[in-house]
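Morning, everyone. Please look at the structure on the screen while I talk you through it.

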Amino acid sequence: MLSVIGEGLVDVVQRASGIEAHVGGSPLNVAVGLARLDHPVQFIGRYGRDAYGDSVAAHLRASSVMLPLGPDELPTSIATALIDDDGAANYTFDLTWELPGLAERLAFMLQGTTLLHTGSIATMLAPGAVDVLAAVEYAHPSSTISFDPNCRPSIIPDVDYARRQAEKFVTLADVVKASDEDLEWLYPGKDVLDSARRWLTLGGSQGPAMVVVTRGAAGPWGATAAGEAECAAPRVDVADTVGAGDSFMAALLSGIVDRGLDGAQNRKDLRELPAEGLAELLAHASRAAAVTVSRPGANPPTRAELNAVPGE
């Protein structure tokens, strides 16, 4: 069982051609991406007892994502995305992030979980971020932990706070993925790859086994204790970039699971993954992201779609 904990929301996308609403949220998108790649996965997050909340639940169930938490009485969170002429998305948010009572249910909900993913707003925004950290600490002795900071300066403008929060989760994570924009914001004036290499050292032997940096058209780069690797980004006509990083994250984790490297008992093997194996994972994840940017919204590929991409 794979578990994802974090925010689910509705992206209200504003384009020159009109307004559309899509279910989104970085962790939710990763959960959907994993499910579409044929992994059993549950999403631990909140959504309201309203029309937007109904669409969140329906979207998850349509991709066979399990929902251990039902709706609550608070409004469903909304992200408004303004798409520019190049297809890039700029966001504003109306959010509620809390998970009351989660601590008492963790043992039951995470039973059998071999990989726990989190990131983005869920790891930064109070009061829910405290519960997410507690969940990661609980799962760490038995599960692979993955983290994507997916920074949102419009929500968490205090970069010093965001850096401290990110490093708490990096220290506990086995797999970390960040964009070059994340690292440039968190560590201004620092070389992006040097910042990523430093993350690889946080937590010592119990810290990250793998740190990956996505760099848009420049292609992803990654490092493990055994070496570094990078690959070219596939050429594709871009509809928009909504959810591209989340599709990359889901496919990266899927590749790790497919190799039998999930679960705390496999930390040593994951840490020692050679550069050649890392390069294969990066290329696999890049192809998933390319499928997503080729069509509107956060719409990750199924395993069949990904298998049909040249190079798979």
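Among contacts between residues at least 6 apart in sequence, 72% join residues at least 24 apart. Contact here means heavy atoms within 4.5 Å. A word on the source: this is a predicted model, where local features need pLDDT of at least 70, side-chain atom pairs count only at pLDDT 80 or more, and totals for chains, interfaces and linings use all residues. Residues are numbered from 1 along each chain as its sequence is written, and side-chain values use heavy atoms, with hydrogens and water left out.

Now the overall build. The protein has 11 helices and 12 strands. These are DSSP runs numbered from the N terminus: helices are H or I with at least four residues, strands are E with at least two. The C-alpha atoms fill a box of roughly 50 × 45 × 40 Å along the principal axes.

Next, burial. Of the 312 residues, 57% are buried. Buried means under 20% relative accessible area, exposed means over 50%, and partly exposed is in between, using a 1.4 Å probe and protein chains only.

Take helix α10, residues 275-293. Its 19 residues reach 27 Å from first C-alpha to last, close to the 27 Å expected at 1.5 Å a residue. The expected span is 1.5 Å times one less than the number of residues. α10 is mostly covered, with 15 of its 19 residues buried.

Follow the chain into the loop between α10 and α11 (303-307), and there is arginine 295. Is arginine 295 buried or exposed? Arginine 295 counts as buried because its relative accessible area is 19%. Leaving aside neighbours within four places in sequence, arginine 295 is in contact with Ala239, Asp240, Pro300, Pro301 and Glu305.

Now histidine 140. Where is it? Histidine 140 sits in the loop between α4 (128-139) and β8 (144-148). Histidine 140 is buried too, since its relative accessible area is 13%. Not counting residues up to four places away in sequence, histidine 140 touches Ile145, Leu172, Gln206, Ala264 and Arg267. Compare alanine 58: histidine 140 is 82 residues from it in sequence and 30 Å away in space, C-alpha to C-alpha.

That's my tour. Thanks.
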